[in-house]
Amino acid sequence: MPVLPVRDFDGFLSRKPAQLAEGPIAIILVEDDVEVLRTVRHHLDIGFRHILLLSRLAIDLPEEILPKVTQLGHETLRPNAHVAGVNGVIKAVPPGTWLYYGFNAEFLFYPFSESRTVGELLTFHTEERRSAMLTYVVDLYAPDLTRAPNGVDPDNAMFDRTGYYALGRKGPGGQHRERQLDFHGGLRWRYEEFLPADRRRIDRIALFRAATDLKVTPDHRFSIEEYNTYACPWHHNLTAAIASFRVAKALATNPGSRERVRDMTWRNSHRFDWRAQQLMDLGLMEPGQWF
């Protein structure tokens, strides 16, 4: 496979090339070499017009998908690397452009994603006067760490079918923020002793429209508070999910946890069948008024 040329991040964005003229655009931060091609193919298959692949290293990709992918040099292992990456793209694209951001070995699902494109999803969400969409990060993990020592096994992936909960989100003065909640569950909940407190939430505003002065924060929230809400004031809205091996990789490979986490399965582990309907059936995303 050909090696995708790595372009200078700031230089590419400053030119405002044609690849950035229209969304939806997916920003994928590549932290290692795990499931990069599968991640890229998944997001192209659901309808993203272009993918910005932020990586420290050149990535080998099939020639037929190269026109839809731009690789940009970015230090993705730096703490909170998504902040500079996502905020740089926000400034470079036209206001109103729909963007998504995630990491390698993460896969976006939304209601009816097997038969409808992400563009159709976002068109409906725009018509509902929404500029952002709440996504839940659903942890995937290998059922057998002796066979998949890095915690990643897409063909036999497991996830937690129960154990999710939400707490009211408080503002600086201690008051609860309107239509904002902190969501918890999955591996981040079961192995919380290995994660800092500010990394235990599973909610992420991964789909959003670029806006003037909009910025993403280190804790995956946005500087415009309405972007951080799960629904509009008048009815429930669409939500989506990100099926992610990211925490499993960390638990299985980091020195502080790899010797103590020998088996990630428990009584509520369930086989992930890579279908949006499965996530909807378990309440891990909802269609809102979209039918």
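This is a predicted model: local features need pLDDT of at least 70, side-chain atom pairs count only at pLDDT 80 or more; totals for chains, interfaces and linings use all residues.

Modeller: Pro24 lies in the loop that runs between helix H1 (9–14) and strand E2 (25–29). The peptide bond leading from Gly23 into Pro24 is cis, with omega near 0 degrees.

The largest pocket has a volume of about 840 Å³. Its lining comprises 33 residues, and those closest to the centre of the pocket are Glu31, Arg188, Arg199, Arg246 and Ala250. As to secondary structure, helix H3 (81–92), strand E11 (203–209) and helix H6 (246–253) each supply at least two residues of this lining. The largest share comes from H6, which provides 6 residues.

His220 lies in the loop between E11 and strand E12 (240–244). The phi angle of His220 is near 65 degrees, a positive value in a residue other than glycine. His220 has a relative accessible area of 16% and is therefore buried, the cut-off for that class being under 20%.

A positive phi occurs at Trp274 as well, where the angle is near 60 degrees, again in a residue other than glycine. Trp274 is placed in the loop between strand E13 (269–271) and helix H7 (276–281). With a relative accessible area of 25%, Trp274 counts as partly exposed, because that class covers the range between under 20% for buried and over 50% for exposed.

The surface remains to be described. Tyr165, Leu167 and Trp189 make a nonpolar surface patch of about 270 Å². Of these residues, Leu167 has its place in strand E9 (residues 165–170). Leu167 counts as partly exposed because its relative accessibility is 43%.

To return to the part requested, the pocket of about 840 Å³ has a lining to which H6 gives the largest share, and Arg246 and Ala250 are among the residues closest to its centre.

Terms used. Residues are numbered from 1 along each chain as its sequence is written. Side-chain values use heavy atoms; hydrogens and water are left out. On a 1 Å grid over the protein atoms alone, a cavity is a set of points where a 1.4 Å probe fits but cannot get out, and a pocket is an open set with protein on both sides within 12 Å along at least five of seven lines; lining residues have an atom within 4 Å of a point. Grid points are joined across faces, edges and corners, and a volume is the space filled by probe spheres set on the points. Helices (H or I, at least four residues) and strands (E, at least two) are DSSP runs, numbered from the N terminus. Patches are made of residues with over 30% relative accessible area and no salt bridge: like charges are joined within 9 Å, nonpolar side chains (Val, Leu, Ile, Met, Phe, Trp, Tyr) within 5 Å. Accessible areas come from the Shrake-Rupley method with a 1.4 Å probe; for residues, only the protein chains shown count as cover. A salt bridge is a side-chain nitrogen of Lys or Arg within 4 Å of a carboxyl oxygen of Asp or Glu. Buried means under 20% relative accessible area, exposed over 50%, partly exposed in between (1.4 Å probe, protein chains only).
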